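Visitor: Please take a close look at one part of this model. I would like the backbone details and the packing in one connected account.

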Amino acid sequence: MPRPVLEPGQLGLRDLPEVLSIGGDSGLRQELAAEPDLTYLFWECTAKCNLRCTHCGSSCEPQSPFRELSTDEFFGIVNTIAEDFDFRRVTVAITGGEPLLRPDLFEVIARLNQMGAAGVGIVTNGTLVTRERARKLREAGLMVASVSVDGEELLHDSVRGEGTLRKTLAGIEAAHAEGLLCEVITCVRPANVWKLDEVERVIRGSGVAQWRLVTIGRMGRASEGDEFWLKPPEVRELFDFIERRRREVARTGEAFDLRFSCGGFVGVRREREVRPQCGQCFAGLGIASILCDGQVSACPSMPRDWAQGNALETRFSELWRTRFEKFRDFEWRRSGICERCDWFHLCLGGGLHERLAQPDGFCWLERQGEL
């Protein structure tokens with residue numbers, strides 16, 4: 001059954017710690033809107049991918065439709081970032097497409113580490129990871145590889161391609177053999193939301209101890225139809241599963257972490273149960289992204305027409321300082337379902353990429369059936 005709708009006046013003393021904690025998150029976001037602090041940088045290194053996943057939000061193909069940054073062009077941009085920001089506090093996440101399709105990937109990771117980045121990670125489908133590549137990634141200083149696993153073979157391969165789960169699990173095994181840390185990201189959809197116990201067994205069987213669960217927005221190849229869209233009972237099942245498993249893991253003391261990893265407020269009694277710390281949207285506040293053609297945006301998951309200029313033409317720090325106002329203005333978000341919402345002071349209008357991709361379906365309270 002759906003949880004009852006909670007109004008602020010219905011909260012009790014037991015909810016006070018959560019309210020204060022989530023309020024602190026909201027306060028931090030507002031402070032960063034006034035004084036932005038770059039600590040996380042995405043680089044969409046390519047739009048090429050060796051797979052053609054049916055739910056890909058970037059509609060990646062074997063060939064890129066963009067003129068992509070060369071190694072020298074990328075570091076021309078990054079060098080200005082190191083000059084204008086404290087690069088020792090900036091974590092770099094390299095995404096795609098498939099990063100391992102870039103022949104300069106190992107060089108890029110090594111140079112970012114030599115420049116003093118706080119850490120470097122990649123997001124990969126895992127199918128191209130071999131012992132040799134895993135060793136090169138480790139030697140370059142890669143902090144973590146985030147690998148996509150969506151379930152047992154039929155569930156995974158039905159969206160990512162025949163034989164891909166076997167290759168992905170082999171990639172994780174190769175990474176572990178070379179001492180490379182992996183985490184798993186699962187895209188939760190109607191076909192696997194009721195089988196998350198089975199998904200967990202696959203992940204644990206791979207030896208991975210960190211698991212992030214995300215949902216699929218209405219972008220790219222997932223923009224049409226409801227095949228990937230969770231309805232309220234399915235959203236509640238996802239949250240119930242995460243809550244239950246987090247409590248069980250805490251009770252047994254297992255070295256296994258799972259958490260929800262999408263960007264909107266999920267409710268006072270859900271927020272700290274499905275993730276241990278602020279998981280809300282910091283796009284444009286502490287996070288920026290360089291897209292594969294040099295355009296600069298707040299988050300690579302946002303529609304490309306929200307890019308705020310090209311760092312090949314305008315210095316990155318100038319774009320960050322002068323073009324990101326709309327990412328830092330919460331007032332325009334006080335519209336639609338947010339206009340009279342009693343939780344706006346905690347939510348601040350939801351996750352930006354979700355709000356822009358599905359303006360009629362970004363609110364996680366509504367998606368749980370609570371509004």
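**From a loop to a helix and its neighbour**

Guide: Ser59 sits in the loop that joins β1 to α2. This is a predicted model. Ser59 is not a glycine, yet its phi is positive, about 50°. Most residues other than glycine have a negative phi. The relative accessibility of Ser59 is 31%, so Ser59 counts as partly exposed.

The buried residues in α3 are Leu105, Val108, Ile109 and Leu112. Down the helix axis they fall within an arc of 95°, so they line one face of α3. An α-helix has 3.6 residues a turn, so residues three or four places apart point the same way.

Now the backbone on either side of α3. Gly97 belongs to the loop between β2 and α3. The peptide bond from Gly96 to Gly97 is cis, with omega near 10°. Most peptide bonds are trans. After α3 comes Gly116, with a positive phi near 100°.

Next, the partner helix. The axes of α3 (residues 105-114) and α4 (residues 131-140) come within 8 Å and cross at roughly 20°. The two helices are therefore roughly parallel to each other. Their crossing is right-handed. On the α3 side, Leu105, Phe106, Ile109, Ala110 and Asn113 make the contact. By class, the contact has six nonpolar, one polar and two charged residues.

Terms used
Residues numbered from 1 in each chain as written. Predicted model: local features only at pLDDT ≥ 70, side-chain atom pairs only at ≥ 80, totals over all residues. Heavy atoms only, no water. Axes fitted to C-alpha atoms, helices over the stretch in contact; angles between N-to-C directions. Helix = DSSP H or I, 4+ residues; strand = E, 2+ residues; numbered from the N terminus. Parallel < 35°, antiparallel > 145°, perpendicular 65-115°, else oblique. Left-handed = near helix turned anticlockwise from the far one by under 90°. Contact = heavy atoms within 4.5 Å. Nonpolar A, V, L, I, M, F, W, Y, C, P; charged D, E, K, R; others polar. Buried < 20%, exposed > 50% of the residue type's maximum accessible area, 1.4 Å probe, protein only. Arc of directions from axis to C-beta.
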